[in-house]
Amino acid sequence: MSKRIPWESFTDSARLITLEILRDGPLSRTELAARTGLSSASLSRITNPLIKAKVLLEVPNCEPTPTGGRPLEPLDVDASLEHFVGIKLTGEAAFAVLTDLRTQPLRTATTEIHSHEPASVLKQMADLVADLAQDLAVRAVGLGLGGAVDNYTAIRSAYFLDWHDVDLKAIAKPLLEMPVVATNDIESLLEAENWFGAGREIGSFAVITTGSGVGGGLVLNNRLVTSPDAGLGLIGHQPIDPTGGPQCERSHRGCASAYLRCESISNQTSQRLGRPVTYDQALDLAAAGDPEARAVVDQAGYAYGMLIAAVANIALPQRVILTGEGWRLAQVAAPALAEGLRYARNPLAAEVPLQILPDDPLIWARGAAAVAIQQSINELGLAD
Ligand SMILES: [Zn+2]
């Protein structure tokens, strides 16, 4: 059984210190003082009880101090104290991961979704959590889904599940014995990257996802940019060429979705070829030099470059991460993408570093677990 950390008794400073160490630890006391602005006396007053309670550990450090004095022992969090489950939920399936306090994956499980009825989906989630937990106590569950979520519990809309105004807390309460926090799946992906991906090296980055829709988000100075409208997929209908290009399901001509959705790419390629092809087949044909598939994929790649430029020109990120089910487009259409990006950037501006992240449900599920961990520590959205 894992032990429960009494986060509710922590002061704001104690939470801040624990979060800093969780993210980047082990950290020396000097580094912690610099990050939190606390004096070394205040730091000791806050960390000593946490060390005594075995939430923080002193890590043996063999490096002597420059003055040859007693080595300073960096502080780390005992990540095995609490366990969390992160779930990536789509209209068809759920992928779940059991993690420690640092989102390290311990066990994973997948299930197909039988019905979109909220109570039925939550019952399946409860069964998944029970399967994963076995003898461990799960502190909280994080649910990442495509949609807009208010206060981590009220699902305003989740298009792929046909959910509107679903009160997650009320439905989950009789089914799960622990708090459940929901977030837009792209927000959870951004948190995942912020905690254990790109965010460990750089402070500001953007993520753009393509797949059944086009989404995106931003981390600035290691903080996720949040808004009640974050789950509405606003970037997805950014105009690229309103005078031309394909049409999206909302009748926009030449918006980002019209160019970049997997379905749009497969439909356009099928039309040109006169036979049905899947998204992956369209990309494979383009890669093999088929002129019809190449034309569609390059047009999409050029539009992708212009969309990346729009994000980079305004947000000035240090990196743009390209992922989602449609992630291969950035590879297959790389030259056209670079051309679109060049067209919409000032030649004097620095090159935008791009990172292609192959789609993996584990990243999304770990992100949902990261949100559950943060909310447990901050106790937001978890109060009854
Ligand atoms: Zn559109």
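Student: What share of the residues in the protein chain is buried?

Tutor: In this predicted model, buried residues account for 44% of the 384 residues in the protein chain.

Student: How does the radius of gyration of the chain agree with that of a compact globule?

Tutor: For 384 residues, a compact globule would have a radius of gyration near 21 Å, and the protein chain, with 23 Å, agrees. Along the principal axes, the C-alpha atoms fill a box of roughly 70 × 55 × 35 Å. The chain has 13 helices and 15 strands.

Student: Which residues have the most contacts inside the largest nonpolar core?

Tutor: The general idea comes before the case. In soluble globular proteins, nonpolar side chains tend to be buried together. Here the largest nonpolar core has 105 residues, and Val85, Ile87 and Val297 have the most contacts inside it. Helix α10 (residues 291–315) supplies the largest share of this core, 13 residues.

Student: With which residues is isoleucine 87 in contact, leaving aside its neighbours within four places in sequence?

Tutor: Among them are Ala94, Ala96, Met125, Leu128 and Val141, and also Ala365 and Ala368. Across the protein chain, of the contacts between residues at least 6 apart in sequence, 62% join residues at least 24 apart.

Student: Why is strand β10 described as largely enclosed by the rest of the structure?

Tutor: Strand β10 (residues 180–184) is described in this way because 5 of its 5 residues are buried. Strand β6 (residues 138–145) pairs with β10 in the parallel sense, over 5 bridges. Asparagine 184 in β10 stands opposite leucine 145.

Notes
Residues are numbered from 1 along each chain as its sequence is written. This is a predicted model: local features need pLDDT of at least 70, side-chain atom pairs count only at pLDDT 80 or more; totals for chains, interfaces and linings use all residues. A nonpolar core is a set of buried Ala, Val, Leu, Ile, Met, Phe, Trp, Tyr and Cys residues joined through C-beta atoms within 7 Å. A residue is buried if 20 or more other C-beta atoms lie within 10 Å of its own, exposed if 12 or fewer, and partly exposed in between; C-beta atoms are placed from the backbone. Helices (H or I, at least four residues) and strands (E, at least two) are DSSP runs, numbered from the N terminus. Two residues are in contact if their C-beta atoms, placed from the backbone, lie within 7 Å. Two strands pair if DSSP finds at least two bridges between them. The radius of gyration is taken over C-alpha atoms; the globule rule is 2.2 Å times the number of residues to the power 0.38.
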